[in-house]
Amino acid sequence: MQGNNKTNFTYLNRDGAWPGFRRQGLQLLEDGSLELYALPLFDGELPEELEAAPKPNGPAGVAVAPDGTVFYTDTSGDRILRIDWCDKSNQPVKCIGGKGEDLTQFNRPRGLFVAKHRNSLVVADAGNNRIQIFDIESMALVDVWGQKSVDETLPGSLPGLLNAPWDLDGDDAGNVYVVDFGNARVQKFNRAGDVVASFWDNVKSAQALQQPAGVAALTTADKQWVFVLDVGKGAVFVFDSCGNAIKDANGNPLSFGSGILREPMGIEVSSDWVFIGDNAPRRVLVFNQQDGFAFAGEAVGYEGPVAALAIDGRGHLLVHSGDGRAPFTLTLGQGFATRGVLWSAAIQVREFAVSWHRLKAVMTRKGSGAHIRLFFHASNNRADRPAVDPSGDDPFKDPRWLPSSSEIFPEIEDLFLGGLPAQFIWVGALVSGDGRSTPVLSQLKLEFDHQTYLSNLPAIYREESPCGDFLTRFVSLFETLFSGIEGTIESLAMFFDPAVVPPDFLPWLAGWLAVELEDDWDESKKRQAIARAFEAYGRRGTARGLREALLFLAGVDAIVEEPIINAEWWGLPAESKSCGCNEKSTTKEKAWVDTENSVLGVTTMLAAAHPQGAVVGATATLDQSHLISNEELGAPLFMDLAHRFSVQVYRTQLNCIDSLARVREVIQREKPAHTEYHLCILEPRMRVGYQARLGIDTIVAGPSVPTGLGDERGTVLSGQPAAQIGETSVLGVSTRVG
């Protein structure tokens, strides 16, 4: 059965959910596209000495204040350093630090946390078995936790006492969770500093932890979770804010990382990701929360020891190497995993077998090192499902997958299917990148019962051949080459619609209408300029057209006036005449008509020339006059007004240095060639009858400016005149000192 090529295809990504597909190493974006897992990227040069740096013997601390200031610990130097958010200066925090047992002194400081609810820096003073809390602004000591008394530094095991606190973090409610490493437990302190003993009791009852070494708290709209990194089991366990273990699908305590983490140290979480340092591969490992904490890959570009991690709230992950140097900054989401696998369940489009024709990946690329390779298997047996090993080196090594994975094809995004008709088909995709690139797969298009170019060839070419479907494949190759052109021709109308034409074709479409597109216009304004061009040409050369052009092209709402419109020929009123109807007047008074043309001071004016032109013996001057015809009677009255107009622009609309030049350019381009114009800038003054809109074009202030005789437009409502000594010098009223 052959189709019409317009209905014999299906899209496999429906509603952006990819139903019937499974994936590994790929994340689902908001628009329904798939791309390789996003990872942090270090885009720079690592110092050479970092390669030989030893792994840390315990965690360090790094924390970020709300204003962006970064604090980090120098464990061996018993101090805390501060990177200023503004000038990026890096220096030790004054007034605190130095090895010792006294308050404000440290003995191997490790974890750090900035408590938002009290704007304070919380320090795990591991060697002194206590938590010290400092006000961020003044660095004054405000509280001490974990000791029986403030001057005692001995370890303790009772609830609320500490033995070598290693790491800490807090939630949005003000609670602080502390890894009590020496006691192999995690304790919870409320915002007042009181221990919540029930938290550890609940955690302990789960019998999941062996040796906690890191903690991170996550607060979202629907959950408050506490992630505990256990170095004894090489895994991360998840609890709620009360210490109850979160359960997985099998009812066991939720955990992840087992078998992947070898020497973990340092943990940080976001709403989508979990970042864990591992000093065996000397990498930062990333896990995806949305996909059940699946391993996403390693941070790109960083290789070195990891002692602490933190997110700065500006899209960066900070990595503390543990040797006292400033943390390294990695950009979140700019790196990518190097491999992802996508595969489907059995796909059926008809109740009968169809001829599968083509599988096409609709995609874009981020970076130049992104590749995708498509696979398929067709069968009439739903149980004939090919195997997929997503974690293996060759996920599609099952020989039923075509083309064979042993063939050297780094890129297959458009695949001819062919073969005998079959009822079911399975499709797969191997997505790869170089760590800085990824395909963005938005759709898979599956074609079947396709009418190929064979129908355009003589019938002899459609007969069975000993070469099988070679000719079909051959002409399909050409069809693939021309499909883009044919699709463009079919959608040719789109290229003439300014609302949907591709952005690259906007200058081309503008050229059809002689529209000049400015380089600094955004795409929306370019489309608007093209869409309005036809109607704008119909009004070009008119006052309305000029106003619209100034508003669109120069951004000013101008006033365009034509004096000729208000000019009339003044004539005395005439006596009415009888129409010959033998009507008798009942009054002796004469009737006058056209009296509206003789309103003194309103319609009267001095003409530039005699209405009749040059009259011999009266108005004609030798070599300076010319005669006019009867049809031009009255024309000399309007010679000074014709072909002239004025443009008024408020000063407040000229907010850019080149606005005035732009206004002049637009007027010169849009006005009729034979006309003259006067550009008037309306200053913010109060002119009764002309500018009197308070707060818009009016300012009442200052002395009045000189005005011409009879120029009522120049008359300004102003404030008090300037004081003059001896005349209006009233101290405190019209005169001030200084």
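This is a predicted model: local features need pLDDT of at least 70, side-chain atom pairs count only at pLDDT 80 or more; totals for chains, interfaces and linings use all residues.
1. Contact here means heavy atoms within 4.5 Å. Lys 525, Gln 528, Ala 529 and Arg 532 of H4 meet Glu 548, Ala 549 and Phe 552 of H5. Sorted by class, that H4–H5 contact holds three nonpolar residues, one polar residue and three charged residues.

2. How do the two helices sit relative to each other? Two packed helices are described by the angle between their axes and the distance between the axes. H4 covers residues 523–538, and its axis comes within 12 Å of the H5 axis, crossing at roughly 165°. Because angles over 145 degrees count as roughly antiparallel, H4 is roughly antiparallel to H5. The H4–H5 crossing is left-handed.

3. H5 (residues 543–554) also packs with helix H6 (residues 659–670), at an angle of about 140° and with the axes 10 Å apart. This pair is therefore oblique. The crossing of H5 and H6 is right-handed.

4. Which residues make the H5–H6 contact? On the H5 side they are Leu 546, Ala 549, Leu 550, Leu 553 and Ala 554, and on the H6 side Arg 662, Val 663, Val 666, Ile 667, Arg 669 and Glu 670. The contact of H5 with H6 has eight nonpolar residues, three charged residues and no polar ones.

5. Now for the overall picture. The protein has six helices and 38 strands. Of its 738 residues, 42% are buried. Among contacts with a separation of 6 or more, 57% are between residues 24 or more positions apart.

6. Leu 417 lies in the loop between strand E31 (414–416) and strand E32 (424–432). Is Leu 417 buried or exposed? With a relative accessible area of 3%, Leu 417 is buried. Setting aside residues up to four places away in sequence, Leu 417 touches Trp 356, His 357, Arg 358, Leu 359, Phe 376, Ile 425, Leu 446 and Arg 473.

7. One of those partners, His 357, belongs to strand E29 (residues 356–366). His 357 counts as buried too, at 8% relative accessibility. Beyond four places in sequence, His 357 touches Leu 415, Phe 416, Leu 417, Gly 418, Glu 447, Phe 448, His 450, Thr 452, Ser 476 and Glu 479.

8. Most residues other than glycine have a negative phi, and most peptide bonds are trans. The peptide bond between Leu 402 and Pro 403 is cis, with omega about -5°. Pro 403 sits in the loop between strand E30 (371–379) and E31.

9. Arg 108 is not a glycine, yet has a positive phi of about 60°. Arg 108 is in the loop between strand E9 (90–92) and strand E10 (109–115), and is partly exposed, with a relative accessible area of 39%. Gln 207 also has a positive phi, near 55°. Gln 207 lies in the loop between helix H1 (197–205) and strand E17 (212–219), and counts as exposed at 70% relative accessibility.

10. Where is Asn 252? Asn 252 is in the loop between strand E19 (235–240) and strand E20 (255–256). Asn 252 is partly exposed, with a relative accessible area of 42%. Leaving out neighbours within four places in sequence, Asn 252 is in contact with Ile 246 and Lys 247. Asn 252 and Ala 206 are 46 residues apart in sequence, while their C-alpha atoms are 9.3 Å apart in space.

11. Last, the cysteines. How many disulfides does a search of the whole structure find? The search finds zero. Cys 242 is partly exposed, with a relative accessible area of 44%, and Cys 680 is also partly exposed, at 25%.

How values were computed. Residues are numbered from 1 along each chain as its sequence is written. Side-chain values use heavy atoms; hydrogens and water are left out. Axes are lines fitted to C-alpha atoms, for helices over the stretch in contact, and angles run from 0 to 180 degrees between N-to-C directions. Helices (H or I, at least four residues) and strands (E, at least two) are DSSP runs, numbered from the N terminus. Angles under 35 degrees count as roughly parallel, over 145 as roughly antiparallel, 65 to 115 as roughly perpendicular and the rest as oblique. A crossing is left-handed if the near helix is turned anticlockwise from the far one by less than a right angle, and right-handed if clockwise. Ala, Val, Leu, Ile, Met, Phe, Trp, Tyr, Cys and Pro count as nonpolar, Asp, Glu, Lys and Arg as charged, and the others, Gly among them, as polar. A disulfide is a pair of cysteine sulfur atoms within 2.5 Å. Buried means under 20% relative accessible area, exposed over 50%, partly exposed in between (1.4 Å probe, protein chains only).
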